[in-house]
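Dear colleague,

Please find the structure below. My notes on what was found in it follow directly after.

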Amino acid sequence: MKFLISLSWKNLSRYRKRTIITASAIAVGLAMYIFIDGWLRGAENESTQNLVTYETAPAKIMAAGYYENLRRMPLQDGIENPGPLLAKLGSLGVAATPRTVFSGELILNKDPFPENGSVTARVIAVDPTTDERVYDFRNAVSEGRYLTPDDTGILMGAWLAEDLKAKVGYPITIVTRGRGGFYQTIDTQIVGLVNTPNPAINRSLVMMTIQAADRYLAMKGTVTEIDLKLPLGGNFDGRVEALASQLGVPSYHNGTASIEVTPAPGAIPAEGGAQAAGGLTMVGWRDLAKDYLSIAVAKQSGSSIILILVFIIAAVGVSNTMLMAIYERTREMGMMRAMGMQDGELRLAFLFEAAGIGLIGSVIGVAAGVLADWYMVARGIDIFAMLRNMDVGYRIASVSHSSWNPQVIVIAFVVGILMSVLVAYFPTRRALKLSITDCLRDT
Amino acid sequence: MKITGIAIRNISRNVRRSILSVTATLVATMAIVVLFSFIGGIRQNIGENVSDFISGNVRIRNTEYDANEYMMPIQFRIQDPQPLVRKIESEPGVTSVVERIPFGAGVYRENDTVPIQGLGVDFAAEKGFMKIDRLLHEGKLPEAGKNEVVLGPTLAKELGVKVGDKITLLAQTMRRGTNAITFTVSGIVVFPLAGLNGSLILAPIDRAQRLLGMGGAATEILVKLDDPAGSRAFAKRLSSSLSSEGYPDLEAKSFDQISTILSLMTMAEVIYGFIGLFFFVLASTVLINTTMMVIYERTREIGTIGALGMTGGEIVRLFFYEALTLAVTGAVAGMIVGGGFSILLGNIGIDMSDALQGVDLSTSNIIYPRFQLGTTLLIGLYSIIISSLAAILPARRAAKIEPVEALRTI
């Protein structure tokens, strides 16, 4: 055995060129796969992050009736008296903030706006003192200031403001309907502009304080949702389930409420999903995301199709080079057999050699892939900086980052070696089946 | 001639090696062809949806409206659009012309108002433009002059309405008054864009004019051309004729001059460009590796023919011809396989509805990859050039070695 290993090693170092070419095929294939996978994953993670940090929060508690009609935003299906629930969440150590979301029509009047007009908008009312526990809007204010608890002004998304030609200090009237259906007119002004990495928010955000919304819409303390901060990784769904059962509310999955949860005394269960008016439900960001606007560029580009195609090219590159390397040595095998080497030993020696090439290629490939990943994770590339001279409409500040994917890196490493050995097996077997003289005649 | 003859014989002499070498070119070519067809499919899909539902190939609007379109200032309108529609229809190269009024409205309900996007359209003309009759899923299309609307299934479900039910639309008129009309839902239409299914209500344009107090005016005229590539030139010509023919406040823009659409398309182009680049790099290494391996393994053979008297130049040419033949075979086969696969997928379509969940780009749920002959030929040419050039370098090195040295390598 020791002899076989040292023979394989000698062969590897003797045919340096062949080793380099075959190993480099493996290395480039692996590095490319790791890099593209990390990049696509990074783009997806980033859009998830943007979604969770600015739109959905990791999870929300809503009245079941409200969640069922999320786009309609029915104020009468709110969480009445959210105080005890917030206190309970506080005692469980979960960061939470109440919000009220309603739809309204923004009325814009000529002077200071360039023209008369109106736009419908989703207005988000937040508690400026607790919203930062879950979201990150204070740091996203690009002009003007953040909201204060006794504020009557609004924050607006930077792109929306650009589209409407609105500036800080401009007055805006919001026409909406309060709880119970009465019409209400809210005269307010823009106190700040918000520029986040989330395009959907930049294009649509209108934000006021929950204190003002409570007054204008006659909410009497009712809010439409309580947004929670939970760690995203690992068993996120399990965490949602666990917290939901601690609170005694059902959690929502893929459009159906989980029924295993036994409601705690005092909580009103949602019957058959969501009809019961007073029932609360807890919804994770994945289910919420269906109803939001975020753009997932990575998904859009069909990442799985791209990865499959990358894998095909890489696999053909690896197996082709390897097949060729072994086929070309039928003659050498004939020579060794003629000198009396056992078939089994010879096969083992060749497989060891293939494993050696696979190992060298995988090490270099993984190292290169990790290095490229590391740069893309730490620094990223600004795709749109290259487009500075082009008029792309919006100012998209989008540095694209990669994400680490240890699983794929390990799998790529193992596959690199296994595939080399597997591919080497067939031509070796073929050569061993031939008679020695045939082997020697083979060119 | 002599050398090409030897090259051909060499290829058929070692079939196995030739097959491996051809496979590399074939797979690399095929994968890139499929990728570009896929990208082409997405691009065409965005283009068609944008042109059907948003901008047409060319869009005419009031300049003032266009400058402030997000406020929907419907007071900046196209007065009496019909003669203009007729006139543009008669121009050569025009497929279809429609007038439309996009407006924001609310569906009035007992406790709340649900915001929706309204679109006043000429249903008869839209049969040739957005192919509205093919989108109809249930019921019938509204008739002009009647208070009837059609809407997407998601929105219908949210509002809890069925065909035959009544809904009340509430909107601000052109002069900023409030107006409401009650409509009967005459049918359900399924739009190819998921986003529209949950928000869009189509009403006859005369009813929209009544609701918004616009008289006989429209907000925009959309033009579809036989050849969308000529949009920019057509828009330019149309713009200048508009101002000289008594429509000084109107302006025609081609779809790629509209900034929001442009930013979307540029973003997609850049991302696909990057992915394409990576594919070319990866495919090139595969091609170069395989070709180099083929030559390298034959150092001994090169030594033999060198010893028999073939000059270095002839050896290089021999191997170049060989590589070229293999590359052409592989590339042609790759183009055929990749093209066939793309055409097949183009007919079946790739269902992206899972992948596109929550995405509000202008893409449909099903992507039909689009086979493009020009791109495919360029990709094939690229593979041929890389593979055959990759043969020259190692062949030259091998030809320079003394025959005795070359013969010693195994």
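Strand 1 (residues 58-62) and strand 10 of chain B run antiparallel and are joined by five bridges. Two strands count as paired if DSSP finds at least two bridges between them; helices (H or I, at least four residues) and strands (E, at least two) are DSSP runs, numbered from the N terminus. Within this pair, Arg61(B) stands opposite Glu251(B) of strand 10.

This is a predicted model, in which local features need pLDDT of at least 70 and side-chain atom pairs count only at pLDDT 80 or more, while totals for chains, interfaces and linings use all residues. Residues are numbered from 1 along each chain as its sequence is written, chains are lettered from A and ligands numbered from 1 in the order in which they are written, and side-chain values use heavy atoms, leaving out hydrogens and water.

Strand 10 of chain B covers residues 250-254, and its side chains alternate. Buried means under 20% relative accessible area, exposed over 50%, and partly exposed in between (1.4 Å probe, protein chains only).

Lys253(B) also forms a salt bridge with Asp66(B) (2.9 Å, N to O). Lys253(B) is in strand 10 and Asp66(B) in helix 3 (residues 63-67) of chain B, so the pair ties together parts that are 187 residues apart in sequence. A salt bridge here is a side-chain nitrogen of Lys or Arg within 4 Å of a carboxyl oxygen of Asp or Glu. Lys253(B) counts as partly exposed because its relative accessible area is 24%, whereas Asp66(B), at 14%, counts as buried.

Another salt bridge in chain B joins Arg100(B) and Glu126(B) (2.8 Å, N to O). Arg100(B) lies in strand 2 (residues 94-108) and Glu126(B) in helix 5 (residues 123-126), so parts 26 residues apart in sequence are tied together. Both residues are buried. Salt bridges that share partners also join Arg59(B), Arg61(B), Asp66(B), Glu69(B), Glu220(B) and Lys253(B) into one network.

Over all chains, the structure holds 28 salt bridges. One of them, in chain A, is between Arg179(A) and Glu80(A) (3.5 Å, N to O). This pair links distant parts of the chain: Arg179(A) is in the loop between strand 6 (171-177) and strand 7 (183-194), and Glu80(A) in the loop between helix 3 (64-68) and helix 4 (83-91), 99 residues apart. Arg179(A) is partly exposed at 22% relative accessibility, and Glu80(A) is exposed at 55%.

Regards
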